[in-house]
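Thanks for making the time this morning.

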Amino acid sequence: MPDSSITKKALAGALKELMEAESFSKISISDICEKCDMNRKSFYYHFKDKYDLVNWIFDTEFITVMNKEGYTIGWDSLELLSDYFYKNRIFYRKALDVTGQNSFSDHFHDLMFSAISVRLQEIMDMQAMSTFQVNFFTDAVVQAFQRWIMDKNCMPPEEFTSQLKQCIQYIAARYSYL
């Protein structure tokens with residue numbers, strides 16, 4: 001494993017461990033570096049800020065899971081995403097609680113926008129959807145994920161995915177009649 005990957009994983013592990021006890025906003029770059037015996041220079045060599053680190057954690061962990069399972073964009077990946085969030089809910093409750101520039105919420109929205117754009121065109125059998133329409137559905141899905149994972153007693157991921165899928169299919173069916 002290249003040194004860069006080892007360093008990034010050490011910083012990611014430190015942040016995840018710190019977030020088990022602290023809110024994201026109370027964790028500093030110094031805290032992360034101290035936790036894994038690195039200096040700030042090492043941190044900034046790999047990441048712009050702690051928001052960038054959170055986004056990297058999601059990108060590398062979830063993409064690794066998707067590649068390992070052989071999934072592509074579709075219902076299976078939605079189930080896999082729900083399962084991933086559920087298993088890591090302590091971390092993502094805190095990550096999704098942060099909003100604003102470079103936040104994980106914005107990063108997640110951007111990723112979902114791309115995936116939803118492709119999937120909606122398939123479901124609704126349309127050549128192209130407007131940015132407004134894709135944003136509408138993306139906002140709904142992202143907000144559903146946030147509300148679900150933030151609930152202290154969130155339902156199991158299979159139930160969440162099933163309900164989300166039913167909503168999307170219902171809207172798609174109604175939309176196609178218009």
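The structure holds 26 aromatic pairs, where rings of Phe, Tyr and Trp (its six-membered ring) pair if their centres lie within 6.5 Å, and where planes under 30 degrees apart count as stacked, over 60 as edge-to-face and the rest as tilted. Take F43 and F47, whose ring centres are 5.7 Å apart with the planes at 45°, so that this pair is tilted. F43 and F47 are both buried, a word I use for under 20% relative accessible area, with exposed meaning over 50% and partly exposed in between (1.4 Å probe, protein chains only). The rings of F136 and F137, by contrast, meet edge-to-face, because their planes stand at 90°, with the centres 5.5 Å apart. In that pair F136 is partly exposed at a relative accessible area of 49%, while F137, at 9%, counts as buried. Ring pairs also link a cluster, whose members include F58, F62, F85, Y92, F108, F145, W148 and F160.

Before I go further, please keep in mind that this is a predicted model, in which local features need pLDDT of at least 70 and side-chain atom pairs count only at pLDDT 80 or more, whereas totals for chains, interfaces and linings use all residues. Residues are numbered from 1 along each chain as its sequence is written, and side-chain values use heavy atoms, with hydrogens and water left out.

Turning to the fold, the protein chain has nine helices and zero strands, these being DSSP runs numbered from the N terminus (H or I and at least four residues for helices, E and at least two for strands). Of its 178 residues, 40% count as buried. If we take contact to mean heavy atoms within 4.5 Å, then residues 24 or more positions apart account for 60% of the contacts with a separation of 6 or more.

Which residues have the most contacts inside the largest nonpolar core? They are L15, L53, F85, Y92 and F145, in a core of 49 residues, where such a core is a set of buried Ala, Val, Leu, Ile, Met, Phe, Trp, Tyr and Cys residues joined through side-chain atoms within 4.5 Å. Among the elements that give two or more residues to this core are α1 (3-19), α4 (50-69), α7 (104-123) and α8 (131-150). F145, leaving aside residues up to four places away in sequence, touches L78, L81, S82, F85, F108, F160 and L164.

The buried residues of α1 are T7, K8, L11, A12, A14, L15, L18 and M19. They cover an arc of only 160° around the axis, taken from the directions to the C-beta atoms, which puts them on the same side of α1.

Finally, N55 sits in helix α4 and counts as buried because its relative accessibility is 8%; its contacts beyond four places in sequence are N102, S103, F104 and H107. N102 itself lies in the loop between α6 and α7, is partly exposed at 33%, and has a positive phi of about 70° although it is not a glycine. D37, in the loop between α2 and α3 (40-46), is likewise not a glycine and has a positive phi of about 55°, but D37 counts as exposed, at 74% relative accessibility.
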